[in-house]
Amino acid sequence: MSDYILLAVSAILVNNILLIQYLGNCPFLGTSKSMDNAVGMSMAVVFVLAMAGIVTWTMEAVFLGPIGLQYMRTIVFIVVIAALVQFVEIFMKKSMPGLYAGLGIFLPLITTNCAVMGVCLINIKEEYNFLEMLVSSFAYAAGFGLALILFAGLRERIIIGRVPGPLQDVSIALVTAGFMSLSFLGFKGMI
Amino acid sequence: MAKTIVQEFTKGLWDEIPPFRLVLGLCPVLAVTKTVANGVGMGVAATFVLVCSNLLVSMLRNVIPSQVRVPCFIIIIATFVVVVELVMQAVAYPLFLQLGIFIPLIVVNCIILGRAEAFASKNPPVPSIADGLGIGVGFTIALGFLAGIREAFGAGTISIPFSDTVIQLFGASYEPFTFMVEAPGAFVCLGLVLALMNLAGE
């Protein structure tokens with residue numbers, strides 16, 4: 001049990017997907033300008049990442065691994081993720097219109113979110129078993145949400161602050177992210 | 001509107017240089033710029049995928065139905081990424097290990113999908129190749145430049161791409177500023193370079 005807790009803590013804080021592993025930075029900068037968007041994006045990532053983790057891990061275990069097609073992993077995973085996102089979108093539109101209205105515009109963006117593909121590849125690379133894969137997918141997604149929501153809070157304050165001309169917008173956002181990343185680096189001592 | 005092939009190529013080198021002017025594809029920019037050799041290696045791999053996918057998308061632009069164009073583009077890009085993966089394992093295995101999961105992640109690099117969508121799907125093959133090559137070379141220069149700053153301060157060295165040579169810059173008594181090669185340095189350094197680009201553009 002303690003192994004799983006350790007895995008979760010390390011995925012959320014120590015190896016935070018956005019700030020330490022540098023994955024998923026395009027949505028990180030794109031959707032952090034308002035808190036609503038950040039929350040929507042985080043929820044969509046948690047949802048899709050958990051499903052994508054299960055599906056890609058199963059593909060690898062029952063299909064690619066046994067017949068020795070690992071070199072096709074990239075193509076298979078991206079197609080599976082794209083199809084999954086499309087399917088989730090259609091399903092949500094029909095049966096959960098409330099949630100769809102909230103997540104709607106963020107779902108298509110997730111296909112090209114490298115955090116999703118990245119975590120699926122990390123799960124395979126670290127040779128996790130099914131339970132570990134589940135914990136790691138959820139924890140990485142939670143780490144993504146945590147960093148994105150904290151950053152959106154900071155960024156809302158930056159917008160009303162007085163920032164020197166050339167540093168405005170993306171530039172100051174990146175410097176801020178740098179210092180957030182520095183504080184997350186401090187968690188390295190925990191494990 | 002009719003731009004020459006040369007103009008299509010050169011716009012990628014300054015006017016639309018990724019990731020500074022087009023703020024896309026940041027993940028590889030931050031992750032692989034610890035050393036110049038890694039940065040340039042990544043740039044060359046991405047350039048190859050960009051040129052090939054632009055060519056193929058542009059040749060198939062009248063065949064692909066517009067409703068399903070994005071999945072089609074992704075499959076085309078993924079094919080070339082697999083080609084790069086296999087070639088790198090054969091000819092540049094140490095670099096392949098260094099870049100790790102960032103090689104398969106070229107698939108989800110927004111620059112490549114962005115160029116396929118914004119340029120190659122609307123233009124004939126020759127300008128598309130020029131566009132892909134220009135953006136790719138611009139991306140490689142940007143990665144090399146950022147990696148140069150980070151490696152010089154963070155480790156006190158410059159590694160020459162595609163060889164094992166490493167140049168010591170400041171002599172043995174230099175105490176490396178490791179902040180620059182860690183994750184926070186990547187963000188801060190990219191942010192400051194962006195600010196410099198804005199200043200130069202004004």
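## Helix α8 of chain B

In this predicted model, the cover over the buried residues of α8(B) includes α9 of chain A, along with α2 (26-31) and α7 (125-155) of chain B. The buried residues themselves are B:Ala183, B:Pro184, B:Gly185, B:Ala186, B:Phe187, B:Val188, B:Cys189, B:Leu190, B:Gly191, B:Leu194 and B:Ala195.

The length of α8(B) can be checked against its residue count. Helix α8 of chain B comprises residues 183-201, and at 1.5 Å a residue its 19 residues should span 27 Å; the end C-alpha atoms are 27 Å apart, so the two values agree.

## The interface between chains A and B

Between the two chains, 36 residues of chain A are in contact with 35 residues of chain B. On the chain A side, the elements that give two or more residues are α2 (25-30), α4 (73-95), α7 (114-125) and α9 (170-185). Of these, α9(A) gives the most, with eleven residues. Helix α9 of chain A is also among the elements that cover the buried residues of α8(B).

By class, the side of chain A that touches chain B has 26 nonpolar residues, nine polar residues and one charged residue.

## Packing of α3 against α4 in chain A

Helix α3 of chain A covers residues 35-64, and its axis comes within 10 Å of that of α4(A), the two crossing at roughly 140°. The crossing of α3(A) past α4(A) is right-handed. From α3(A), the contact draws on A:Val48, A:Met51, A:Ala52, A:Val55, A:Thr56, A:Met59 and A:Leu64. The partners on α4(A) are A:Arg73, A:Val76, A:Phe77, A:Val80, A:Ile81, A:Leu84, A:Val85 and A:Val88. By class, this contact has 13 nonpolar residues, one polar residue and one charged residue.

The buried residues of α3(A) are A:Ala38, A:Met41, A:Ser42, A:Ala44, A:Val45, A:Val48, A:Leu49, A:Ala52, A:Gly53, A:Thr56, A:Trp57 and A:Glu60. At 1.5 Å a residue, the 30 residues of α3(A) should span 44 Å, and its end C-alpha atoms are 40 Å apart, which agrees.

## Helix α1 and A:Leu7

A:Leu7 is found in helix α1 of chain A. This residue counts as partly exposed because it has 17 C-beta neighbours inside 10 Å. Leaving aside neighbours within four places in sequence, A:Leu7 is in contact with A:Glu132, A:Val135, A:Ser136 and A:Ala139. A:Asn37 lies 30 residues from A:Leu7 along the chain, and their C-alpha atoms are separated by 28 Å.

## Positive phi angles in two loops of chain A

A:Tyr22 is not a glycine, yet it has a positive phi of about 55°. This tyrosine is found in the loop between α1 (2-14) and α2 of chain A. A:Tyr22 counts as buried because it has 26 C-beta neighbours inside 10 Å.

Another residue other than glycine with a positive phi is A:Glu127, where the value is near 55°. A:Glu127 is found in the loop between α7 and α8 (130-160) of chain A. With 8 C-beta neighbours inside 10 Å, A:Glu127 counts as exposed, whereas A:Tyr22 counts as buried.

Definitions and conventions: Residues are numbered from 1 along each chain as its sequence is written. Chains are lettered from A and ligands numbered from 1 in the order in which they are written. This is a predicted model: local features need pLDDT of at least 70, side-chain atom pairs count only at pLDDT 80 or more; totals for chains, interfaces and linings use all residues. Two residues are in contact if their C-beta atoms, placed from the backbone, lie within 7 Å. Helices (H or I, at least four residues) and strands (E, at least two) are DSSP runs, numbered from the N terminus. Ala, Val, Leu, Ile, Met, Phe, Trp, Tyr, Cys and Pro count as nonpolar, Asp, Glu, Lys and Arg as charged, and the others, Gly among them, as polar. A residue is buried if 20 or more other C-beta atoms lie within 10 Å of its own, exposed if 12 or fewer, and partly exposed in between; C-beta atoms are placed from the backbone. Axes are lines fitted to C-alpha atoms, for helices over the stretch in contact, and angles run from 0 to 180 degrees between N-to-C directions. A crossing is left-handed if the near helix is turned anticlockwise from the far one by less than a right angle, and right-handed if clockwise. The expected span of a helix is 1.5 Å times one less than its number of residues.
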